[in-house]
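User: I would like to go through the charged pairs in this model with you, and then its overall build. Could we begin once the structure is on screen?
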Amino acid sequence: MTNFIDMRKLLLGGTAMFALAAGAAPAFAQDQAAAEQQGEQADEQAAGDVIVVSGYRAALAESIETKREMDVIVESISAEDIGKLPDNSIAEAIARLPGLTAQRIDGRAQAISIRGLAPDFSTTLLNGREQVTTGDNRGIEFDQYPSELIGRVDVYKTPHSGLIGQGLSGTVDLRTIRPLEYGRRALSVSARGEKVSLGELNSGSTDTGYRVSGTYIDQFANDTIGVMLGAAHMVSPSQIERYNSWGYPTVSDGGPLVIGGSKPYVQSNELTRTGVIGSIEFQPSSNFNTRIDAYYSKFKDDQILRGIELPLLWGGLALQPGYTVEDGLVTQGTFAGAKGIVRNDANRRDSDLYSLGWSAEYETGRWTLVGDVSYSRVDRKDTIVESYAGTSRGAGSGPYDTIGFTFDPEGFYRFDTDLDYSDPGLIQLTSPQGWGADIVPGGQDGYLNMPSIKDEITAFRGSANYALGGGIDSIEVGANFTMRSKSYTPDEFFLSLAANVADPDHNTSVPIPQDALLDPTELAYLGIPGMVAYDPIKLIDSGIYDLIRNTNNDVGVKGWSVNEDVLTGWVKANIDQPVGDNGSLTGNIGLQVVYTDQSSEGFANGNIAVNEGSKYTELLPSMNLSFRFDDSNVLRFGLARTLARPRMEQMKASFNFGTNDAFYNSTDPTNSFFSGGGGNPNVRPWIADSVDVSYEHYFSPEAYVAVAGFYKYLETYIYNQNILYDFTGFDYTPPPGEGPEPGTFLGRVNAPANGSGGTIYGLELSGTLPFNLFTGALDGFGVVGSYSYTESSIQPDPNNPSQPLPGLSKHVANGTVYFEKSGFSARASVRHRSKFLAEVVGFGVSRVNRTAKGETIVDAQIGYEFQDGPLEGLGILLQGQNLTDEPFITYENGDLRRVIDYQRYGRRYLLGLSYKF
């Protein structure tokens, strides 16, 4: 409550600043006289010169204009032309904005951090409407939205009270083209081929792909009806050399560290996506406009992963004498008696995303009335297959291998093996280590995981704006009601060879069927010449495996459904106060009132239905003031209280519990008969109070510099804690000789809960500088750049005080050097982030946090567009991504040699044509 009172004081202070600025108008007018005279002289000199820019320079100019005109602190990206954002994906484009950065997933920029906060703290809108997500939580997967179909992206760093679905760190709004606003007929088509540099790592994979897109815009009936239709289709490959270490135990008590085991792969992905978008706009008069927007995306991601999992020290093997130790780490050595698991794994994700919205705006007198209805849904199905092969069944029988290992300075280990893992006469379908033998006799021969996600959002919005004139230009009131329902349904099976099930001794291995065998896959980057390759999904379809459902409690508790009904009301005063002859004070002051009714359904121990939830109200005041001294200088000040809702998996009702007979008669809930762990349907949002300051100087339509500072106090942070839970009504068995009831039905459940927060603050520098400001000889050349520095006192895990905030890089820098003139264009870009805590896939497809090494990504492109003649409108473009082949690396305990993940993605090249009619 104290922090909210402080926010009220700050808002009152801001209002006083508004009054003082208005009263200071005469003095300010005198200060502006000289500047105004200089500006008039410059205008006279330039009156005869009309410079028309297009492409990247025009996109920069539009983005700069959007930033200048907004009454909030915002970063913006505009398309260079129809169907052409500055980068090949939305995530790559916005990762170049000041204060933003991206984590690469499978080689693609995907997880966006805004001002040091992970994707959990931001939201993404489509045309101002909150969207469903294909992932397990709230963070959007930008690959679902083709960059060719987006006209502009705005990133709000400060909110206003009318911004629905606002995030705590920021709000990303994807904007499509409005056909009547565009104002002319246009047809644009493009086609590009792409190739990755690592080649075809897996048998049956490809290293080439393509992208095609088209957009049509037109106006009819005396420009009262507008239509926009767009479609984009992509088949995009990725090839990845992917090393993973189990970790680094000590050889013996007090001895050096050594690799405990390894799970390396070569991974081949093929992402296929079809996106279709449409908009119909009707404006029969100047005071009425209505629009329908629709979007559909079909997304399919096929992955094949082949490698050899090597249990070493943690697999019970002894390190042989003669090893080499450097600074406490074994860098070269040998393990004897090794039995590797030959892995042919496959992942497939199919998802369909639907989005539909209708809006209408009507002006009558001083009133402007707006209504909006939207609906979005996603259906996702995953198929995740593990298939095992080896020399025989169980760890107790051979043939065995002798494996030498050597630490590579790049950050992973290379291996030298005696066995030929590419020999199908030696390697058979089996369970080499006998994993899962307590459930599947003889051990599991693989695993099949087929979870599904459903996410649905329906929203209704209405607002009324009354124009007053004067310093308070208008008052706006509105309400929004959003209903969201998201569910995760697990469906998991052990794979057991039918022949082994039928064997009374359960000691049968099966040769790989000839019709499923593929050419051997090389693991050259590891030093292993090759391994057998086959199609695991084909084997499952053939019936060679029996599917044994996993009924363990830990599977049932993975499932959940979360429902949220959110009613938001707001009031906002828009400010537009002239100051002097050439200045003004603009902005807004407002309040959101957010009422939330959240609930979750799930299972305790996988079979006991649980349904819980909570209701609460949050007050979110905000203020944005822009002191516009003239057309070139703006000083902004923002105050806001914001929230970010918990991750969906944190809100699940499902949990596991157990009993401890030793505490049956205890009446102390902290040492109770009952205890457990899982989700928390009652967890509240992250809440933050923030202060923002920004100064911007605009030299020309293509040039500006800005410095911004921000400070956020997170009132609460969500992390796992022991919370009390009432186990009344749950099944239990009293210990022998004890009474029918325990000492207490209260117990502790380890679950996400709101705990202590902290501060996050930083500084951002940004600018765009065309070199024609210095001399006309350099017209067409320019540079775009930004740097941000961020610090945080937040401890996301109080039990591990040294753990940083997920997604936070202390240093983030971006730079682009460009040339564009007379149809020629070229640019080179670099983005850098320092080390950060990354979210990656862990055991059993769970999400874990690991420290990622800092990285620098270099991209470049060159193109030409014909300006006249029979080829006018035709463009050709050559692009290169990740030109320095920067790997993604995670490591443990601050030691860069103790690499956990090393993923090399190679370079990507694209060559394409575009044509505008």
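User: Which side chain does K821 meet in a salt bridge?
Analyst: K821 pairs with D779, at 3.5 Å from N to O. A salt bridge here is a side-chain nitrogen of Lys or Arg within 4 Å of a carboxyl oxygen of Asp or Glu. K821 lies in strand β38 (residues 811–821) and D779 in the loop between β36 (746–770) and β37 (781–792), so the bridge ties together parts 42 residues apart in sequence. This is a predicted model, in which local features need pLDDT of at least 70 and side-chain atom pairs count only at pLDDT 80 or more, while totals for chains, interfaces and linings use all residues. Residues are numbered from 1 along each chain as its sequence is written, and side-chain values use heavy atoms, with hydrogens and water left out.

User: Is D779 buried or exposed?
Analyst: D779 counts as buried, at 17% relative accessibility, whereas K821 is partly exposed at 35%. Buried means under 20% relative accessible area, exposed over 50%, and partly exposed in between (1.4 Å probe, protein chains only).

User: And what does D293 pair with?
Analyst: D293 forms a salt bridge with R129, at 3.1 Å from N to O. D293 is in strand β13 (residues 288–311) and R129 in strand β5 (residues 129–130), 164 residues apart. D293 is buried, with a relative accessible area of 6%, and R129 is buried as well, at 5%.

User: How far apart are the closest N and O atoms of E75 and K157?
Analyst: They are 3.1 Å apart, and the two residues form a salt bridge. E75 sits in strand β1 (residues 74–78) and K157 in the loop between β6 (152–156) and β7 (170–175), 82 residues away in the chain. E75 is buried at 6% relative accessibility, and K157 is buried at 3%.

User: Which residues are linked with E75 in a network?
Analyst: The network of salt bridges links E75 and K157 with K67, R115, D692 and E764. The structure holds 60 salt bridges.

User: Changing topic: how many helices and strands are there?
Analyst: The chain has eight helices and 46 strands; these are DSSP runs numbered from the N terminus, helices being H or I of at least four residues and strands E of at least two.

User: What share of the residues is buried?
Analyst: Buried residues make up 55% of the 917 residues.

User: What are the spans of the C-alpha trace?
Analyst: Along its principal axes, the trace spans about 95 × 75 × 60 Å.
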